[in-house]
Every structure is written in C-alpha cells, then in structure tokens.
Amino acid sequence: MELNELLDCVSTLSCVVTQVSAGLTIGMLLFLVASGLTLIFGVLGLVNFAHGSFYMVGAYLALAGYGATGSFIVAVAFGALGVAVLGLLCERLLLSRIYGADVLMQLLVCYAIVLILDDVVKIVWGADFLSMGVPDSLRQPPFIVAGGIIPYFYAILFLVTAAIALLLAWGMGRTRFGRTVRAAAVNPAMVAALGVNTTALYAVVFAIGAMLAGAAGALSAPIRSVVPGAGVSILIESFIVTVIGGMGSIGGALAASLIIGLTRSFGSIGFPLFVEGMMFVIMALVLLLKPSGLAGRRGA
Amino acid sequence: MRGLADSLRGDLLFGALAFALLAAVDLGLGSPGLLDFTIRFATFALLALSLNLLIGVTGLVSFGHAAYFAMGAYAFGLLMQTGAWSIPAALVAALAASALFALVVGALCVRLTEIYFAFLTLAFQMLLHSVILAWIPLTGGDQGLMGGIPKPAFLGIDLARQDHLALFSAFCLIASAVILRQVVRSPFGAALRMLRDNPDRAAFLGLSVFRYRLGAFVIAGTFAGLAGVLMSLYVSGAFPSFAFWTTSGEAIFMIMLGGISVFLGPIVGAALFILLNDRITALTDHHGLYMGAILLVLVLGLRKGLLDFLVEAWRERKERRS
C-alpha cells in the first residue's frame, strides 16, 4: 500500500488532472463493452458470456486492418463491423436456439463460443502477445492542463468513446428503432403482435451489442497488448460494471464504468496490488446495500 | 428414517463393490497409465459431483466452483510444505479452509439466483485467482507451489506410491459419493429440490431459502476442496490454473456430458471428459476448437447429458409397455 503517494497525488492538481483523465478514458472504453452486455441482457434476457471474446476479436481485427491499410480509422471500423457480423452469426446460428432456456444452457453455449474463438484467434494470429502501438498519425505532443499531462491519444479515445455513447443514447432514446427496442425489452409479445419482426430485432440488437464490444477492443488495441484469452478479464470487469450500475440500465453502466475507471487509475498509485480487489469490494458493497444496483430496475 | 437407513446400507454395499472392482482392476493390471487415469478420474469426478449438488439439486448454476478446488489444493500444499502436519490432519484443515471460504463467498452469492449467481461466483473465483497470482511470497505466483509436497506415510498408506494414491483417490470419491447421495436423499436434500423447483413455496412453508442454499453451497465447496487435495497430491504442488475459470467450465462440461438429473451423471461425465480430452490433446493442438464444437453439438442437439438421455429413454419405454 502506498497510501501516502495517493494522498500526495490527490493534493496536487496536476496529478489529479492526469489520473482523472486516464481514469475517464479507461472508464469510457469499459462502458462500451458493458453497455453492449447490458443492452443484450436488457432486450434478449441473455447474458453474453462470450462478450469478452468479441472484445478480443475486435482487437485482433483492428490489428489486421491496421497492418493492411495503415489507417487507424479503417482498423477500428474493420474491428467493429467484423465483430458485428460475428455476433450476428453467433446469434442466428447458435444463441437464437436457446432463448428461454435455462441459465446453464446459455452459459454452456457461450462457453463453447469462447473456447472456439480463443482457438481460432490462436490459429490465425499465434499465441504470443501482439501489440499495435499508437498509430503514427496520432502521435502528437500531450495536452498540458494545469500542469497535468493528458496523452493526445487518450484524449482522442475519450472523444471517440463519448461520441459513440452519445450516439447510443440518441439512438435508443430518440429514434423509432430505439423506442421499438425498449418496448421489446418490456413486452416482446406485444411488440410482435403489433407487427414488428422481433426475430430480426433481436438479431440486430445482438449485433449492435457485439459491435460495441468489438469497437472497444479495436480502440484499445494500441494501448493494450493483444493476446488470446484476453477477453475474460474485460468480461469480468464489465460484469462488475453491470452489477454496480444495475443490470439492463445503460445510464447506470456509464456511472459504474467511470467509477471503475477512476478506481483503476487512482488505485494504481495508492494500492497497485489491490486494484482488482478494490473493484470486488465496491461490487460487494453495492450488492449488500442496494442489490439491484445504482440504477437497477429489476430486483436481482 | 428407516428409508434413509436402508438406502445407506444399499449405497454402502454399492460403494464397497465399486471400490473392490476398481482396486482389483487397478492392482490386477497395475499399468501406470491406468493408475494415472484413476487418480485424475477420481479428482474430477469428485469436483463435478460436488458441483452438481448446486446445479442439479439446488438449481444454482455456479461458474466459480473451482475456487474451492484451488483453496483445498493450496491449503493442503502449504500445510504439508511446513513439514509439521500429517496428511490426515492437513486434509481436514484444508477441507475446513475450503468450507470457510465457501461460507464467506456463499453468504454473498446465494442471495442472488440465475445468471447473477453464476457471474458472482465466477467473479469471486477470479478474485482468488488474482490473489494467488499477486501473493507471490506465499503462493509462488504464476509458478505455483514449487518444491513438491512431502507425503509422509500414515496408517500404512504411502501416497508417494502411485498405486496407493490411486486407491486412496478412488476411496475418497466413493466415500464422498455415498455421503453426497445421503445428503441428496435426506429431508435437507428434499428441501433443496423444492428450492430449485419453487423457491416461493419453500419460503411460504417457512424454510429459510438463504440458509438452505448456503448449506448446499458450503457442502459443495467442501467436497470440491477434497478434490483439490487429491489434485495437489497428484501433481505434488498447486497451480493458479486450478483457480482459473476454465477449471470451473470443465466441471460444468463434465456434468453436461454425463447428466444433470441422474446422481451418477457427473461421475460418468468426468470419465468421458478425461478420455475425450486425452484423445483430442493427442490428436491436435487445437483443443478448444474441438471441445467447443462437441459441447455445442451436445447442448444444442441433445440438450441434456448422456445418462439423462438414457434414463429418460428407458422410462419412456417402460411406460409404453405398461
């Protein structure tokens, strides 16, 4: 424990600026993954245990796209859209067969998908750590705010993820499609009776959820090492986020993601070995005090 | 409780026969491969069997069961490495450690059901995994417990010998199976099944859903701890992979292979899983690809385990005849 260093940091503005900006960026990336998970759960009632693998595949596809074109924008688009297609295939071919089945079936099918994707990635890209590095076009001097350093690429990541989050909020809140999706989450039978093709709706929602995970994986490829099996830790983190925020609530997921992001960035100074543990402590507290989460609708 | 006493006698007889058969085959053939298989089979069968008390009987799908497996393995390994403990004493202490850990985690987890329960148990397992990795002075981090585990002989049993360890593992499995079957058939077990099928009714009848679920969680965790002890005896150490989520996934896989609704299903599933796993590992490097594909066929095609399928087919045939 280096709690003194944490105190030193909190009392200097420059350090706070640096850590808060890093925490917000980590939190927003986490939010993309967690919002996909919570969207799928809210509408389809399915917890996508393979969500972390979608994140991982997104990172690998971005790596391939970047290698082929040298453009980070193409790389992220390739990662996000590739995973959307992958998600669509998984939903149509496998998961749609077990809607309404018990939790065990869902877990087992997703577990099989995780096993297969991990191995496919290993066959295509090898089992070693790969790293993409920050693209040359985005290597700019960092912003200095009140003495605190904000890396240029982190600022870009924050803007992009915030834009995606706003787009998601607008899409779900203001468009006809979003209203239909929200209605289907509450009463799918009624929505189907009104003439909406819920089978297609589910497939699209699943693809969007997968795409969010893929986009997060692609965006974070330059700052994290890419390795088979990398999906599990992000899956657990985004699960913690959905528990803290409340299953099915996108707003709750946002708040919880930022809490976890800040815990990570400040924790790496104050208690580097206990950062993971701290997330579990927060989750356990939320579960004990408010089991449905910060913004939970349904009691767990 | 005459019925229970009768069933106990039957189970003991069956268990003794099974043990005699296993012992005769193991000692008669005496091939190292068979002894090795017996130890691994007993270890994983025990893990799967204990997990099925939660999944099949209580209706709680735990995806973090390997946490108690790892706890048993590490506790036993660490105690034996001090050199001050005999095997039976360390075994009992390791079971107590697993039980205590299951009690703490269970008290948090069993308030939730369904997918929340599955993920929360998984999360605590991954917490244990990261603690094992980070606490290097105690656990050796990602290298695992190195330096071997001393196995002083007790009561004429020398577990450093492969044949003794095989028989000991088989004995542990069979004794645990007899105990677990008694648990399942006891009034406590009946209450657990009611919690699975209709928790609201159980609550209306005045049963404490929390206490019964927690009880099942601790019992399952304790037997998983015994499986962990066997594992640490087998590999003469303990490794972080014991606490990794794939170990829990494999245990669920075994249950799915063998059958959820039949008591012996997980044991059959463990045997099938190990045979399948060895065959696939020998044939290809892409182990996950094939195991995943088999799992998909099983879950989406059969939708139940092998023994579930056979027992149902047999029952249907009997009904058609009568």
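**Reading helices, salt bridges and patches**

Author: Let's start where helix 11 of chain B ends: Gly259(B) follows it, with a positive phi near 145 degrees. Helices here are DSSP runs (H or I, at least four residues; strands are E, at least two), numbered from the N terminus. This is a predicted model, where local features need pLDDT of at least 70 and side-chain atom pairs count only at pLDDT 80 or more, while totals for chains, interfaces and linings use all residues. Residues are numbered from 1 along each chain as its sequence is written, chains are lettered from A and ligands numbered from 1 in the order in which they are written, and side-chain values use heavy atoms, leaving out hydrogens and water.

Reader: How many residues does helix 11 of chain B have, and how far does it reach?

Author: The expected span of a helix is 1.5 Å times one less than its number of residues. Helix 11 (residues 245-258) of chain B has 14 residues and reaches 20 Å from first C-alpha to last, close to the 20 Å expected. Helix 5 (residues 114-134) of chain B, with 21 residues, reaches 31 Å, close to the 30 Å expected.

Reader: How many residues of these helices are buried?

Author: Buried means under 20% relative accessible area, exposed over 50%, and partly exposed in between (1.4 Å probe, protein chains only). In helix 11 of chain B, 12 of the 14 residues are buried, including Trp245(B), Phe253(B) and Leu257(B). In helix 5 of chain B, 17 of the 21 residues are buried, so that helix is largely enclosed by the rest of the structure.

Reader: Next, salt bridges. How many are there over all chains?

Author: A salt bridge is a side-chain nitrogen of Lys or Arg within 4 Å of a carboxyl oxygen of Asp or Glu. The whole structure has 6 of them. Take Asp36(B) and Arg40(B), which meet at 3.4 Å, N to O. Both sit in helix 2 (residues 32-58) of chain B, 4 residues apart, about one turn of the helix. An α-helix has 3.6 residues a turn, so residues three or four places apart point the same way.

Reader: Which other residue forms a salt bridge with Arg40(B)?

Author: That's Asp278(B), with the closest N and O atoms 2.7 Å apart. Asp278(B) lies in helix 12 (residues 265-283) of chain B and Arg40(B) in helix 2 of chain B, so the pair ties together parts that are 238 residues apart in sequence. Shared partners join Asp36(B), Arg40(B) and Asp278(B) into one network. Arg40(B) is buried because its relative accessible area is 18%, whereas Asp278(B), at 32%, is partly exposed.

Reader: And in chain A, is Glu91(A) buried or exposed?

Author: Glu91(A) is buried, at 0% relative accessibility. Its side chain meets that of Arg92(A) in a salt bridge of 2.9 Å, N to O, and Arg92(A) is partly exposed at 36%.

Reader: Last one: which residues form the nonpolar patch?

Author: Patches use residues with over 30% relative accessible area and no salt bridge; like charges are joined within 9 Å, nonpolar side chains (Val, Leu, Ile, Met, Phe, Trp, Tyr) within 5 Å. Accessible areas come from the Shrake-Rupley method with a 1.4 Å probe, and for residues only the protein chains shown count as cover. Phe274(A), Val281(A), Leu285(A), Leu288(A) and Leu289(A) form the nonpolar patch, with about 480 Å² of accessible area together. Leu288(A), one of these, lies in helix 12 (residues 275-289) of chain A.
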